[in-house]
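Subject: Structure handover

Hello,

Here is the structure I promised to pass on to you. Please open it alongside this message, and my notes follow below.

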Amino acid sequence: MVRAQPLLVLSLRNPGGADTWRDTWRRLTALVFSCGLATRETKAIEVHYDAGTSRRFDACLSIPSSRLAAEVTADDLAQVPGARMETVMGHGPFLHHRPTAGHDGRPAPAASLPPAAVPHPASLVPAWPRYHVYACSPALAGETPVITDTYITLTASAPARP
């Protein structure tokens, strides 16, 4: 269990559907590069809000410093409709999971783990959102982007009634 540090990001909502996934990441990545915000420390994060099959998520690329973030203007954000500056992972605690390679060589996302496989204190239960961290922007990765870390939000469960 970890407490993640709040992370300032540029984000773009993927409206759903696997056919828009790569395009969402391409548009966001192009914006970050055009604003001069991409560095070696940039993190690519997908924020998933539910377990449904809609593929609705926010694509996020971290901003290296608040000084650089202050240089991003409304005109910069207007280049990509729907892009916004926000803070993610500003709450918690989180269960940190480092995926291991599955049968196809890709890491298995933590969301696919059965609840029993996710250890947590009895008073905390897995909740949404969940955060998948990629080795780099999926727009820059090959056919199979690698998930390097998954953070699962934990919330307090209601106490049992006597």
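This is a predicted model: local features need pLDDT of at least 70, side-chain atom pairs count only at pLDDT 80 or more; totals for chains, interfaces and linings use all residues.

**The overall picture**

The protein chain has 162 residues, and 39% of them count as buried. It holds 3 helices and 7 strands, which follow each other from the N terminus as β-α-β-β-α-α-β-β-β-β. Among contacts with a separation of 6 or more, 72% are between residues 24 or more positions apart. The accessible surface of the chain is about 9000 Å², and carbon and sulfur atoms make up 56% of that surface.

**The sheet**

The 7 strands form an open sheet with antiparallel pairing, in the order β4-β1-β3-β2-β6-β7-β5. Because β4 and β5 stand at the edges with a single partner strand each, one side of each has no neighbour in the sheet. On average, neighbouring strands of this sheet are turned by 35° against each other, direction ignored.

Strand β2 (44–48) deserves a look of its own. Of its 5 residues, 5 are buried. In a regular strand, side chains alternate between the two faces of the sheet. Here Ala44, Glu46 and His48 point one way, while Ile45 and Val47 point the other way. On one side, β2 pairs with β3 in the antiparallel sense over 5 bridges; His48 has Phe57 as its bridge partner there, and Glu46 stands opposite Ala59. The pairing of β2 with β6 is also antiparallel, over 5 bridges, and in β6 the bridge partner of Ile45 is Val133.

**The helix across the sheet**

Helix α1 covers residues 21–34, which is 14 residues, and reaches 20 Å from its first C-alpha to its last, close to the 20 Å expected at 1.5 Å a residue. The helix lies across β1, β2, β3 and β6, and runs at about 30° to β3. Its buried residues are Trp21, Arg22, Thr24, Trp25, Leu28, Thr29, Leu31 and Val32. These pack against β1 (7–14), β2, β3 (57–62), α3 (74–78) and β6. An α-helix has 3.6 residues a turn, so residues three or four places apart point the same way. Just after α1 comes Gly36, with a positive phi of about 70°.

**Other salt bridges**

How many salt bridges does the structure hold? There are 7. Asp50 is partly exposed at 30% relative accessibility, and Arg56 is partly exposed with a relative accessible area of 29%. There is also a network of salt bridges that links Arg13, Asp58, Arg84 and Glu86.

**Two backbone details**

Where is the cis peptide bond that joins a tryptophan and a proline? It lies between Trp128 and Pro129, with omega about 10°. Pro129 has its place in strand β6 (residues 124–134), the strand that pairs with β2.

The other detail is Met89, which is not a glycine but has a positive phi of about 60°. With a relative accessible area of 5%, Met89 is buried.

Best wishes

Note on methods. Residues are numbered from 1 along each chain as its sequence is written. Side-chain values use heavy atoms; hydrogens and water are left out. Helices (H or I, at least four residues) and strands (E, at least two) are DSSP runs, numbered from the N terminus. Buried means under 20% relative accessible area, exposed over 50%, partly exposed in between (1.4 Å probe, protein chains only). Contact means heavy atoms within 4.5 Å. Accessible areas come from the Shrake-Rupley method with a 1.4 Å probe; for residues, only the protein chains shown count as cover. The expected span of a helix is 1.5 Å times one less than its number of residues. Two strands pair if DSSP finds at least two bridges between them. Axes are lines fitted to C-alpha atoms, for helices over the stretch in contact, and angles run from 0 to 180 degrees between N-to-C directions. A salt bridge is a side-chain nitrogen of Lys or Arg within 4 Å of a carboxyl oxygen of Asp or Glu.
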